[in-house]
Amino acid sequence: MGAHSLLFTVFFSVLLSSFTSNAHNITAILAAFPEYSVYNSYLSQTKLADEINSRQTLTCLVLSNGAMSALAAKHPLSVIKSALELLTLLDYYDAQKLHDISDGTTLSTTLYQTTGKADGNLGFVNITDLKGGKVGFGSAAPGSKLDSSYTKSVKQIPYNISVLEISAPIIAPGLLTAPAPSISDVNITGLLEKAGCKTFAALIVSSGVLKIYQSAVDKGLTVFAPSDEAFKAAGVPDLSKLTSAEVVTLLQYHAVASYTPIGSLKTSSAPISTLASNGAGKYSLKVTSAGDSVSLHTGVDSSRISGTVIDDTPLCIFTVDSILLPVELFGLPPSPAPAPVPVSSPSPTPAASPAPTPVVAAPSPEPLSPPAPPMSSPRGSPSDGPGPATSSDSTSTPSAAVDLKAPVILSAAFFFSLALVLSI
Ligand SMILES: *[C@@H]1O[C@H](CO)[C@@H](O)[C@H](O)[C@H]1NC(C)=O
Ligand SMILES: *[C@@H]1O[C@H](CO)[C@@H](O)[C@H](O)[C@H]1NC(C)=O
Ligand SMILES: *[C@@H]1O[C@H](CO)[C@@H](O)[C@H](O)[C@H]1NC(C)=O
Ligand SMILES: *[C@@H]1O[C@H](CO)[C@@H](O)[C@H](O)[C@H]1NC(C)=O
């Protein structure tokens, strides 16, 4: 059995590392250069560091402390964040490549373009090889000047991340004058209703949890809102059997007391505490990601993030495709017995599965349910979506049908690979 458990360990390490591969850590890279400490500090404050670490093939155009301080002094954090997003190119440029640009000029897309805040080509940067070996940078918007230029190379990890210093921020039209979002004006229930989460919105109002959310918002709040379909799904426990205190706890379990955008979720390895957490490890969530798909695991069930309702520091609201059921309230599903697979589907469980036991019912204390499969679905990309509210409307409807089958196929595939490993 020794060989088997070794294989087992190897199997899981490979599995886990393939979902948590952090090829680089921009905070650590810049920590070696005190001349960029202000820039580095803003990358952390805005959580852009996590976004950068969760991506591959990028170029960070950094500003020295003087240039960064000048930008930061005059603007709110939301504007600083947009400016830093525009300085994060989604392509790899080192000094050589800058000077080899064909025809001497090119446009590169940036993180800003992925946020939905940039109209047209406002999220693109113009890179132009000027005479005398000078390389200029500017907004790609028509009529923009190349106000910034390449100063020096800071650090390269080919071809994952390149850090280059430039002389000044790149300013897209309108970027600096965007008003800071006033979180007290955000109508959380209104946003939720528009995003297809009416049931959840009604629950947080009737239970009073909306007030708890509102009082937490200033210090940072992230909400995982189950879609209306999630409340109608087969196998959902009867919530009317819960006491009002339990309903409050359940709804608190759907929120985290910090601004945690998708990039931060992708890079979080430790379980995250929720507003319901009342002690070490209690009422926490585990996060896994595969490509652009991010899933939350409660120990009872798993839920996939299906859309971004709002991502504006300090508030993030995501839609999720099933209710998050904490172990502390719902317990682990009954262990052996031919427990019904949580899908009332007429099609039989695929034959490859050696037992019909649902994955989460495994008696092991660590619910190592398999992470979500690498989704090829284009909608698994909340951060790339066109942004607030409307984005999730269109995506939440088709999800219900697809996602109900996913766990079955997934468990089948999982047991099949386990069987393969064990039979070696
Ligand atoms: C680049 O990223 C890939 C994928 O994460 C990783 O396997 C590789 O080791 C990285 N390369 C370097 C030089 O760090
Ligand atoms: C990145 O590096 C910083 C500073 O060294 C460290 O505090 C942080 O935990 C690291 N992040 C990850 C995801 O490893
Ligand atoms: C970049 O800007 C320069 C100067 O405004 C312009 O001549 C050039 O055509 C632009 N490059 C691209 C690819 O649009
Ligand atoms: C929030 O939006 C909902 C639904 O659109 C609306 O009924 C409610 O009056 C709004 N609340 C505030 C304070 O504007």
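1. Start at ligand 4, where an oxygen atom lies 2.4 Å from an N or O atom in the side chain of asparagine 187, a polar contact (a pair of N or O atoms within 3.5 Å). Asn187, Gly190 and Glu193 are the residues around this ligand, counted when a heavy atom lies within 4 Å of it. On its own ligand 4 exposes 360 Å², of which the protein buries 28%; areas follow the Shrake-Rupley method with a 1.4 Å probe.

2. A word on the source: this is a predicted model, with local features needing pLDDT of at least 70 and side-chain atom pairs pLDDT 80 or more, while totals for chains, interfaces and linings use all residues. Residues are numbered from 1 along each chain as its sequence is written, chains are lettered from A and ligands numbered from 1 in the order written, and side-chain values use heavy atoms, without hydrogens and water.

3. Now look at ligand 3, which is surrounded by Thr105, Leu107, Asn126, Thr128 and Ser144. A polar side-chain atom of asparagine 126 is 2.2 Å from an oxygen atom of ligand 3, and one of threonine 105 is 2.8 Å from a nitrogen atom of ligand 3.

4. Finally, the axes of helix 3 (residues 37-45) and helix 6 (residues 77-86) come within 10 Å and cross at roughly 110°, so helix 3 is roughly perpendicular to helix 6 (65 to 115 degrees). Helices here are DSSP runs of H or I with at least four residues, and axes are lines fitted to C-alpha atoms over the stretch in contact, with angles from 0 to 180 degrees between N-to-C directions.

Note on methods: A polar contact is a pair of N or O atoms within 3.5 Å; within protein, one must be able to donate a hydrogen and the other to accept it, and residues adjacent in sequence count only if both atoms are side-chain atoms. Helices (H or I, at least four residues) and strands (E, at least two) are DSSP runs, numbered from the N terminus. Angles under 35 degrees count as roughly parallel, over 145 as roughly antiparallel, 65 to 115 as roughly perpendicular and the rest as oblique.
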